[in-house]
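Hi,

Here is the structure I promised to hand over.

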Amino acid sequence: MASKEDLVHVFLVTFPAQGHVNPLLRLGKLIASKRNLLVTFSTTKSIGNQMKKAGASVSGDPTPVGNRGGMIRFEFFDDECADEEIHDLEKYLPKLEAYGKRSLAGIINRHAQEGRPVSCLINNPFMPWVSDLGEELNIPSAMLWVQSCACFSSYYHYEHSSVPFPSEKQPDIDIQMPNMPLLKSDEVPSFLHPSTPYPFLKRAVLGQFKNLSKTFCVLMETFQELEGDLINYMSKICQIRPVGPLFKNPLLETSSDISGDMIKADDCLEWLDSKQPSSVVYISFGSIVRLSQEQMAEIAFGVLNSGVSFLWVVRKGYAFNGLPEGFMEAAGDRGIVSTSPGVVPPGGVVFRDSLRVELYVGGVIERCSGGSVPAVGDQVTDAKYLVDEWKVGIRMCRGDAENRLVGREEIKECLMEATEGVKAEEMKNNALKWKKAAEEAVEEGGSSDLNIQEFVDEIKKISQSMGGPK
């Protein structure tokens with residue numbers, strides 16, 4: 001095995017949240033599985049402490065991944081923020097940039113002094129300043145885009161004013177972008193709509209597009225066969241390499257002991273395995289959406305009246321708001337409500353044989369994703385594709401834009417339509433088609449596998465040109 005000094009060093013920096021940690025760590029393990037690569041995975045110390053408490057293997061010593069001599073290690077940086085500060089993102093994001101950049105610069109310079117210079121930086125959304133740091137330290141940087149290419153295209157065209165988007169004066173206009181279906185005003189990523197309650201998140205994401213020229217490659221959590229025409233079009237603007245779906249890559253099964261989970265999984269997986277194949281509805285509304293007690297009650301009655309088995313994942317401290325008295329007793333063994341989204345690792349749920357469909361704010365969707373889908377951000381655009389383009393979903397409502405109470409009878413009918421009858425069978429067949437295509441993309445020699453290898457080859461050339469290991 002090569003010494004640490006003989007390995008090309010790639011440094012990954014992720015936004016400190018479970019939904020960002022997981023995909024970048026999966027990418028890190030895949031990169032580390034290639035020959036002669038050392039990957040350092042980094043996020044804030046507070047997240048590192050949570051991962052350690054959950055029993056994740058996050059050693060600072062290099063751990064072998066695969067059988068080609070590659071290794072991965074963990075090193076956490078100081079954001080100098082108390083735990084309570086992290087929950088106010090509007091105030092936290094600028095602090096994360098200021099303190100994080102200073103802390104990371106010290107870590108990266110120390111590696112260079114100790115003979116392990118960093119040849120490439122990789123970040124993900126909400127961390128555009130990592131590209132600035134790379135430029136300051138003369139280190140090439142890349143980005144992992146964890147949303148669809150359709151969302152990437154939307155942010156790009158918005159940032160460059162290429163096409164008209166909804167505005168204060170015209171909030172309801174349709175949007176037509178190249179190689180994309182016509183989007184209604186509530187189908188573009190919701191952060192781009194003038195009514196968004198999260199303008200600071202809009203600024204954070206768009207910061208990535210202001211820095212796009214500073215990244216030599218955009219790795220994308222999608223695959224060529226899913227969004228081929230759009231990927232080809234956007235690749236003329238910047239280098240895009242689709243490498244997904246990362247959670248489906250078979251290599252990750254052999255390195256499952258290297259985990260980014262911040263909370264230990266509860267007993268829901270054992271419960272899921274006790275259910276019949278394709279019999280459980282997975283319910284998740286993400287970490288941002290807050291539903292009224294009245295809406296929570298309507299969903300609960302709709303699920304209960306449908307007769308389906310369900311796994312309902314909701315935020316701690318928010319789980320039982322609005323749930324009818326006696327709801328869990330009435331559900332009995334048919335349902336579980338988990339009080340924290342992090343308790344149920346999506347990767348451990350979505351490939352259980354018992355899972356049939358997933359229920360989100362915007363609709364009922366056949367099994368085809370790796371995490372929760374709230375009614376905000378990129379997922380309103382994803383819902384458009386899932387329902388109208390890929391034919392694997394049913395639209396129940398239009399999320400925040402519709403601003404209405406979705407009744408229990410409507411919820412019941414949507415669940416029944418998705419689980420029984422001709423429409424359910426059609427969606428299942430479409431989902432299986434895309435599932436097969438996704439599996440083929442990540443297999444050895446598949447489109448995503450080849451893109452990862454080509455990216456690694458490019459990193460090695462960059463390292464060689466900088467006088468580093470080959």
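**Aromatic rings**

Trp145, Phe152, Tyr155 and Phe209 form one aromatic cluster. Rings of Phe, Tyr and Trp (its six-membered ring) pair if their centres lie within 6.5 Å; planes under 30 degrees apart count as stacked, over 60 as edge-to-face and the rest as tilted.

This is a predicted model, numbered from 1 along each chain as its sequence is written, with local features needing pLDDT of at least 70, side-chain atom pairs counting only at pLDDT 80 or more, and totals for chains, interfaces and linings using all residues. Side-chain values use heavy atoms, without hydrogens and water.

The structure has 16 aromatic pairs. One of them joins Phe15 and Phe126, edge-to-face, at 5.2 Å centre to centre and 85 degrees between the planes. Phe15 sits in the loop between β1 (8-13) and α1 (18-32), Phe126 in the loop between β5 (118-123) and α5 (129-137), so the pair ties together parts 111 residues apart in sequence. Helices (H or I, at least four residues) and strands (E, at least two) are DSSP runs, numbered from the N terminus.

Phe15 is buried at 5% relative accessible area. Phe126 is buried too, at 13%. Buried means under 20%, exposed over 50%, partly exposed in between (1.4 Å probe, protein chains only).

Phe216 and Phe455 are stacked: 5.9 Å centre to centre, 10 degrees between the planes. Phe216 is in strand β7 (residues 215-220) and Phe455 in helix α16 (residues 447-465), so this pair links parts 239 residues apart in sequence.

**Arginine 73**

Arg73 is in strand β4 (residues 71-74). Arg73 counts as buried, at 11% relative accessibility.

Best wishes
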